[in-house]
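Please keep the structure open beside the text as you go.

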Amino acid sequence: MLTDSQLLSCGTFYLVATPIGNLEDLSLRAIRILGEVDIIAAEDTREAKKLLAHLGLRKPCLSYHEHNRRRQGERIRSELQDGRNVALICDAGMPGISDPGQEMIADLLADNLPVIVIPGACAAVTALVASGLPASRFAFEGFLPGKGKERSRRMQDIAGEERTIIIYEAPHRLFQTLTDIISVMGPHRKAALVRELTKIHEEVYSGTLQDLCNYTAEGVRGECVLVITGAESVSLPAEDPMVAFRCYQNLLAEGRSRQYALKEAARRSGVKRDILYKVILNQREDTGCS
């Protein structure tokens, strides 16, 4: 922990939002800060230098990304302690969201070092508004896990989410992700694919999840954001195991997985999951089903 006198001589760490497409989306304040700081830490220094050249600025840049964040984080801290001001930028949007920076911010704040956010463009919020889907309550999921149990678990979790869901995805993985989402949510949820935000070929494609899956089957280009309506809030008579069981059966009939149907039927009915599971086993024994 730094002493009060050391803190007084420290520089400021700025988090500067950069354009997500159109360079005119950079705020006047962001331009001023980038011109005033001593060093710019960037996810990709090549992209940073392109932006600075567009602004007519020349600044020392250092690389800061997922693979060097610990080593470079110490260097940034040292620069701040020596009184130099540092700006962190990512390739597009707000640093610290779905890219490195969050741990660094937390560490600096824990030591009372000055951290200032310069707001600006954000793909998640822009896509949400552009989608026309309910925006009063939403859940930002960022990038889903690529594979395995963690991906399956996350899919099951968001299937019951009642808020509008925002997901980032790379274009080459989009079709498979939509296919996986349909396996737990069903094909009929309203959704929107928002891609190439603020660029020349910006597009908002709206429909059901199945519509989006069909649309992307041959592939798409550009940075993509999926916006999906939340699950309907359904209240069943409280704590009735047989009502919960019928809800479980209905969800299976919709094509949902057994794991999701068990969890969702228990949530809707208020019946504990282990009690519902026993009812399911008893029903299987009564009907002779395996």
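1. Buried here means under 20% relative accessible area, exposed over 50% and partly exposed in between, with a 1.4 Å probe and protein chains only. Helices (H or I, at least four residues) and strands (E, at least two) are DSSP runs, numbered from the N terminus. This is a predicted model, in which local features need pLDDT of at least 70 and side-chain atom pairs count only at pLDDT 80 or more, while totals for chains, interfaces and linings use all residues. Residues are numbered from 1 along each chain as its sequence is written, and side-chain values use heavy atoms, with hydrogens and water left out.

2. Which residues of helix 8 are buried? They are Leu-174, Thr-177, Leu-178, Ile-181, Ile-182, Val-184 and Met-185. Seen down the axis of helix 8, these residues fall within an arc of 170° (taken from the directions from the helix axis to the C-beta atoms), so they line one face of the helix. As background, an α-helix has 3.6 residues a turn, so residues three or four places apart point the same way.

3. The buried residues of helix 8 pack against several elements, among them helix 7 (148-159), strand 7 (164-169), strand 8 (190-195) and helix 11 (258-269), where contact means heavy atoms within 4.5 Å. After helix 8 comes Gly-186, whose phi is positive, near 85°.

4. The largest pocket has a volume of about 850 Å³, a volume being the space filled by probe spheres set on the grid points, which are joined across faces, edges and corners. Of the 33 residues that line this pocket, the closest to its centre are Ile-20, Asp-91, Ala-92, Gly-93 and Glu-223. Helix 3 gives the most to the lining of the largest pocket, with five residues.

5. The second largest pocket holds about 420 Å³ of space. Among its 21 lining residues, Arg-189, Glu-232, Glu-254, Arg-256 and Arg-268 are the closest to its centre, and helix 10 gives the most to the lining, with five residues.

6. How many cavities of 30 Å³ or more does a search of the whole structure find? The search finds one, and about 40 Å³ of space lies in the largest cavity. Its lining includes Glu-43, Tyr-64, Cys-90 and Asp-99.

Technical notes:
On a 1 Å grid over the protein atoms alone, a cavity is a set of points where a 1.4 Å probe fits but cannot get out, and a pocket is an open set with protein on both sides within 12 Å along at least five of seven lines; lining residues have an atom within 4 Å of a point.
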